[in-house]
Amino acid sequence: MIESMYGMGVDTLKAARALEKAGFESAQAEAMVAAFGGSVAGGAATREDLRDLRSASRDDNRALREEIAEVRTELKAEIAEVRTELKAEIAELRTELKAEIAELREETRAEFVAVREEMRTEFAAVREEMRTGFAALRREMDVMRDDIADLKTEIVKVRSACHDDIKSLKAQMYGLLLAQATLIVGLVVGLQRLL
């Protein structure tokens with residue numbers, strides 16, 4: 001058996017002799033080495049195979065790197081697109097929120113102005129009622145003052161009239177008492193004469 005025949009770096013003659021020493025017959029040892037050599041030769045790689053394998057591996061690595069770079073580029077583009085979309089959505093949401101907040105502020109201001117106007121109207125009505133009430137009270141107080149002044153005047157007149165009446169009554173009583181005293185004295189004198 002020749003080494004180059006199987007394209008491998010194994011000494012087939014040594015292998016056959018080792019098998020013969022182990023107890024194989026010469027034909028069996030050669031057949032076994034031939035079978036083994038054929039299967040190894042069919043599956044063994046040559047230097048050219050290794051070069052091709054290296055070249056293919058480099059090409060595969062290059063293709064894989066290119067694919068990875070392409071995927072990276074696609075991912076970067078997709079991420080940038082998603083970022084742009086998110087920024088646009090966030091900006092849109094901000095604009096919507098600002099508009100809603102401005103609308104709420106305007107509504108709140110309008111309601112506040114309306115409430116303030118209602119309160120002013122109510123305060124004005126209360127003030128007017130109070131002014132009217134105070135004016136009526138002042139008129140009533142003025143009437144009461146006039147009534148009190150009239151009462152004072154009448155009291156003064158009644159007091160004066162009472163004083164006059166009392167003086168007159170006193171004078172009448174003194175006159176009556178004097179007349180009765182005179183009558184009594186006259187009676188006493190008359191009785192004394194009679195007695």
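The following dialogue examines how terms are applied to this predicted model.

Visitor: How many helices and strands does the protein have, and in what order do the elements run?
Guide: The protein has four helices and zero strands, and from the N terminus the elements run α-α-α-α. Helices (H or I, at least four residues) and strands (E, at least two) are DSSP runs, numbered from the N terminus.

Visitor: Why is V126 called partly exposed?
Guide: Buried means under 20% relative accessible area, exposed means over 50%, and partly exposed lies in between (1.4 Å probe, protein chains only). V126 has 41% relative accessibility, and therefore counts as partly exposed. This residue is found in helix α4, residues 47–194.

Visitor: Of which nonpolar surface patch is V126 a part?
Guide: V126, M130, F134 and L137 make a nonpolar surface patch of about 370 Å². Patches are made of residues with over 30% relative accessible area and no salt bridge; nonpolar side chains (Val, Leu, Ile, Met, Phe, Trp, Tyr) are joined within 5 Å, and like charges within 9 Å. The areas come from the Shrake-Rupley method with a 1.4 Å probe, and for residues only the protein chains shown count as cover.

Visitor: Which residues form the positive surface patch?
Guide: R47, R51, R54 and R58 form the positive patch. Lys and Arg count as positive and Asp and Glu as negative, while His and the chain ends are not counted. The place of a charge is taken as NZ of Lys, CZ of Arg, CG of Asp or CD of Glu. Among the four, R54 lies in helix α4 and, because its relative accessibility is 54%, counts as exposed.

Visitor: What makes the contact of D59 with R62 a salt bridge?
Guide: A salt bridge is a side-chain nitrogen of Lys or Arg within 4 Å of a carboxyl oxygen of Asp or Glu. The closest N and O atoms of D59 and R62 are 3.0 Å apart, and the pair forms a salt bridge. Both residues lie in helix α4, three residues apart, about one turn of the helix. D59 is partly exposed at 38%, and R62 is partly exposed at 45%.

Visitor: How many salt bridges are there, and which residues meet at 3.3 Å?
Guide: The count comes to two salt bridges. The side chains of D142 and R145 meet in one of them, at 3.3 Å from N to O. D142 is partly exposed at 38%, while R145, at 52%, is exposed.

How values were computed
Residues numbered from 1 in each chain as written. Predicted model: local features only at pLDDT ≥ 70, side-chain atom pairs only at ≥ 80, totals over all residues. Heavy atoms only, no water.
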